[in-house]
Amino acid sequence: MMGRRGAVLSLPLLLAGCDYQTYQSIFSDASTEVHDFNILFVIFLIVCAIMYALVIGFLIAAIVRRSRTGPADVVEEGRHHQSNPAMRTGLIGWTALVGTGLMALAIASFFGDRSMANAAANEKLSVNVTGKQWWWDITYNSADASKMVRTANELHLPVDVPVHIYLKSDDVIHSFWVPSLAGKQDLIPGRDNDITLVPRKIGIYRGQCAEFCGADHAKMALIVNVDSYADFLKWWHHQLESAPAPTSPLTQAGYNFVTTRQCSSCHAIAGTPANGTVGPDLTHLASRRSIAAGAMPMSEGNLYGWVADPQSLKPGNHMPTIGLEPDQLHAVVAYLETLK
Amino acid sequence: MTPPDSIPQRIRAQDERLARERGTIARDGPDLRGAELEARLDRTWRRTPGIIGWLATVDHKEIGRRYIITALIFLALGGVLALAMRVQLARPDSALISPQRYNELFTMHGSTMMFLFAVPVMEGVAVYIIPLMVGTRSTTFPRLNAFSYFMYLFGGVMLWVAFLLNIGPDVGWFAYTPLSGPEFSPGKRADVWAQMITFTEVSALAAAVVLICTILKARAPGMTLARMPLFAWAMLVQAVMIVFAMPAVALCSSMLISDRLVGTNFYNAAEHGDALLWQHLFWFFGHPEVYIIFIPATGFVSVITETFCRRPVFAHAVVVLALISTGILAFGLWVHHMFATGLPRVGYSFYTSASMTVAIPTGLQIFCWLATIWDGRPRFQVPMLYVVAFIITFVIGGLTGVIIAAVPLDLELHDTYFIVAHFHYVLIGGAVFPLLGILTYWYPKITGRMMSETLGKISFWMVFLGFQLAFFPMHFSGLLGMPRRVYTYPAGLGLELPNLLSTIGAFIVALAVVIFVVNGIVSLYRGMIAPPNPWGAATLEWATTSPPPPYNFAHIPVVESNTPLWDVDGEMPVVTGLRVDEKETLLTTVVAAVPDLREPIPEASLWPFIASVAVGIVFVASIFSPWALAFGVVPCAIAIAAWFWPKEMKRHPEPVIS
Amino acid sequence: MSSPCRASLLFLGLAALTLAACDREERHSRSKPIGETVPAGQSPDTIWPGGSQPSPLDPRAKLYDNNAPALSEGQYLYTQMNCVGCHFHGGGGMGPPLMDDEWRYGGRIDQIAASIAEGRPNGMPAWRNKLTEDQIWKLAAYVRSLSGQPSKDAVSSRTEEMSNTTPGSLTPREPAHSSDTAEQ
Amino acid sequence: MIPAPRFTDSVAELPTTKFGPSSLTWWGIIGFMIIEGAFFGLAFAAYFYLMGHEQGWPPEGRQAPNLLWGTLFTIVILLSEIPNSMVKKAARQRDVPTIRRLMPVIIGVGVVLLIIRGFEFNNLNCRWTDDAYSSIIWAILVLHTTHILTDWGDTVVLWALMMTDLGWEGRRLVDTDENSMYWRYVWLLWIPVYLLIYWVPRL
């Protein structure tokens, strides 16, 4: 029902008839936090609308009242010093009105804040998200180290399970923001922040770094898949497996290049010699929805483009343009696509 | 009081001679008045022609004019950057502008508008008008005033030259560490930004001191604090705020530049520093900054409302108190820019309520203006139209401000286009609209001609409607999840339409501003000659010719009410006895404005300019080597000493600052 | 109006003078590989300036030498590729120190690049296939900056990590090496 | 229609210089004092902010600065108030000869203070590049040194002026009076600085 209200708020856009997706908007109502947010937001909107109506009403009344009568250009002598007594009472009333209105809003905000804080009190799932220029390094915590899942730029969350996300930064300040799921929280070098949320709707949501973090700030996105618990477990177990061995000669060639040449200095692929820690983990690259932190959707074409010349697609990022020969390129892309 | 023996014979002889000469000094009064007085005053106060005279002048009217024109030029430049950004954002995944360039664009846009347009233009208007409004012949410390202008000019020019030479800053106008620190901003871009801050902050502080002293000490006799015009009050509050706020940004940018140049560790988390220290210091300045821009604008609104409604603003005292309390509260809110940084939650609710409290004094002022309109008989000429537009627009900005003061809401809306919409409603609706109104209003005072009413109305409607079209959709862009400071956005998020509308609106506003400027330039030559008091205003700046003579007033007026020009019946009470052959003005007591001292006004001097050049070179050079500061002390010290050193060593019957 | 312009033009000239040579701020990343670093058959002993006639300085040197973003990218790689492991923050350890001006294999940027690309006896691995040429040159530029060779206003004063070395922006410029003076 | 003048009283007999709050420069100086006070206040705030994030202050492995020179500086600057207030008094009494005699003393004291300050920098037991603690105490000390320097330069210029005949003019005496006021401000500022740099790390 909140969703409908959200839709109402964005009605002008719907009317304008642009095809319209809510997967990065705050109206999704996809988590407890955003649900509370929407309620609070509507309360504020109503109170503010009333205040605004009062001001504009007063303005119009004041204008029409005197603009008709009398010659416009005479300076009124004499009584222009005493101010209208009715207005003095009005002033007091106005102050009281504004005061109470704000008080009400402050209280509402306080309770809203508290209910959000309590929403995910007992977390079931804990995830580390580390911000780097310009991608997200993600680790699913687990008591035993062998059950830790490392991935990048894509979160998978089970629906209705409170999740606790621990936020760190390796370089500059970033901000973790998935509008449809929660408010934002900064990732600050030298500080530990965290955010909790309870996803309520299965779906795919897009988030984006919300604190200016340098050249590619605009291309530092994060995809969040909220799955049923079963699907989540399936995904999680799959993530624990290491990469499949190459089968065809082409993928073999790609495998050789990736594990022995430049790629392996930065990227890790579980079960292979490639163990770089500088860039995103590639073990299950092909199973992700996007390339380069949401810079472009995952597809063979985009993968070709990205591997061939990352600098032109995401200028300034740390992945160098290696300048692969065409056959090397075919092989590498072919191999990467096997990393499902 | 003086032990007579301690005074040598020679000096005593001098004293007696000077005492005799003192009797012969020409002073204004019943027997020296009218044309002859004006001719002699003009000879004393007129500046020498030529480039030297231009650089040396200390006439507050010339300096104020320069401030205003320079600030408007920077407004145009900043606007061009805004258009470039809007073009880039008009379509999703657009690649017209590279990310690096776009980052430079919004950094330059923010820095230019904040530091090189908004604050200086307010100070410029005040530097021009305040002495006239409070009925004195010059600002206090006129040489400091000239110095502050040149510092401001050089700072702005340095920033823009750097931008054109492709070493312009790219770290945002807020330059958060560590992104702006030595490791993540290699090169000189961030240093240029930090030094630009130093320039503008020196200039703003100097101008603030000048204004405070002028308002407190140089008011016409009888203009008690209770009778002081609201614009003077607004400028007083603003200047005091500058005095307390600007040091914060100066300090944190100096820390940043020393981190970058000599390897200090203020913001280095690994060495016990803290990145958030920057944000605290910066926003301790940055939030009051908004009110430093807004409060003078409320002064403009009061001036226009009073004149065009033929009523003193309702509840003068309440408005004054509202101004003061806004000024104080503004320093208690900076944390609401940092809700997302994970500070202790308990503190948050305090800052939420504090941020909301600011709405009360502002609400009071709004009410007082509306009550004035209600009581009076409004005439809707261009300036008054801008006041109406101000109320309609600014209140929206204020209310969205209340929305984002709430922590849970701010966590979603912070750093999105919702915020961009909010502060443009506050700053353009709240400050630029009144500014355009007041420029139209005081244009005849400054130029002696009226601006064209027709063109004025055309540009008013375009700027008003264009603004709404440009910025209202941004609320939706934000709610649909568009963060700030992104050089592009993907298709399919519903962001296409609002951004396209914003771009169209931006161009309409730009066109409107062009029309406004054309109107200003054409009216300079074609405009109707302005009568001395074209709008029938009540304040003293209209009690002299337009444009005012270099000495402002032939005789210093005496004030007997809040609205002097409405209450004098044909005859203006004045005091007499100021010198005619040397520059002199009258100082009064701070509260009751009783005549207190006769203050000699400094002659024009080239030294403030030379000093500003010396200081400027040091600042720029220190970007490249910290040693510049050590070596630069010498020329700066010489220039400043020469500035204060009397040019002729003979004693005068009464002090002369040559 | 015209006079402010005059004044600003005057200052513009001045500023232009002070802020000359700004390509060093340009963030360039070669999208094309830039060929061989070391002319074939050139072996360590011919790079050693004591040996035969020093080869002319590689023209690419100026692209990297005083280019601030290149230096900082080099700094990034220096940490990420764990050069610290052997050379520490230039102080030297298992590998030779890099802050002094003693260069076993030549202190010119192209010579350093060669040492990184080809590797050197006693443990310095070859990075030719592990990094791109562009990266190697950036790394070389940074390594060279450790001894204060490039102009001080191009290097950054410190990193955001702990360190006890003098800020790069303050390190005194070591007496330039003979083989440097030959070309620079 | 500019209203014609109606002459009330004349200000011709008003003085052109007065001591204290009547004087314009007094207000100017107060203004700049407030500005500099804001600088110091914020620097102190930064100091305590950084301190608040630490277990130990100074951080592990650092010694607090040596007391000797800082304390010596404090004593000297407090003593300098004696000639300072004598000059102030003399200025108010238009006793120019005394001013001419005492100003060189104050200038000399300034030089001594600057020398001691040099030793202070050497005895902070840290370099500004070491860590944030070192950076902030260096910053505060440098900030205060600039005030010593500026006031010293100001005093030198003023003394040169006092040696001329102009020294007998009221304005110069007011300048002297206000220069002494500013010096009081400088040493008042020093007291918290002294405590922050030398004693807080010893708590």
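## Chain B as a whole

Helices (H or I, at least four residues) and strands (E, at least two) are DSSP runs, numbered from the N terminus. On that basis, chain B holds 20 helices and four strands. With a radius of gyration of 26 Å, close to the 26 Å that the globule rule gives for 658 residues, chain B is as compact as a globular protein of that length. Here the radius is taken over C-alpha atoms, and the rule is 2.2 Å times the number of residues to the power 0.38. The C-alpha trace of chain B spans about 85 × 60 × 50 Å along its principal axes.

A word on the model: it is predicted, so local features need pLDDT of at least 70 and side-chain atom pairs count only at pLDDT 80 or more, while totals for chains, interfaces and linings use all residues. Residues are numbered from 1 along each chain as its sequence is written, with chains lettered from A and ligands numbered from 1 in the order in which they are written.

## Where the chains meet

In chain A, 76 residues are in contact with 74 residues of chain B (C-beta atoms, placed from the backbone, within 7 Å). On the side of chain A that touches chain B, α3 (32–67), α4 (85–119) and β7 (185–187) of chain A each supply at least two residues. The most comes from α3(A), with 17 residues.

By class, this side of chain A has 41 nonpolar, 24 polar and 11 charged residues. Ala, Val, Leu, Ile, Met, Phe, Trp, Tyr, Cys and Pro count as nonpolar, Asp, Glu, Lys and Arg as charged, and the others, Gly among them, as polar.

## A helix pair in chain B

Helices α7 (residues 189–217) and α8 (residues 230–262) of chain B have axes that come within 8 Å and cross at roughly 155°. Axes are lines fitted to C-alpha atoms, for helices over the stretch in contact, and angles run from 0 to 180 degrees between N-to-C directions. α7(B) and α8(B) are therefore roughly antiparallel (over 145 degrees). The contact of α7(B) with α8(B) has 21 nonpolar, three polar and three charged residues.

## The sheet in chain A

Five strands of chain A form an open, mixed sheet in the order β3-β2-β1-β5-β8; two strands pair if DSSP finds at least two bridges between them. At the edges stand β3 (149–152) and β8 (193–197) of chain A, each with a single partner strand, so one side of each lacks a neighbour in the sheet. Neighbouring strands are turned by 20° against each other on average, direction ignored.

Within this chain, β1 (residues 125–132) and β2 (residues 135–140) of chain A run antiparallel, joined by six bridges. Lys132(A) has Trp135(A) as its bridge partner in β2(A).

Key
Two residues are in contact if their C-beta atoms, placed from the backbone, lie within 7 Å. Angles under 35 degrees count as roughly parallel, over 145 as roughly antiparallel, 65 to 115 as roughly perpendicular and the rest as oblique.
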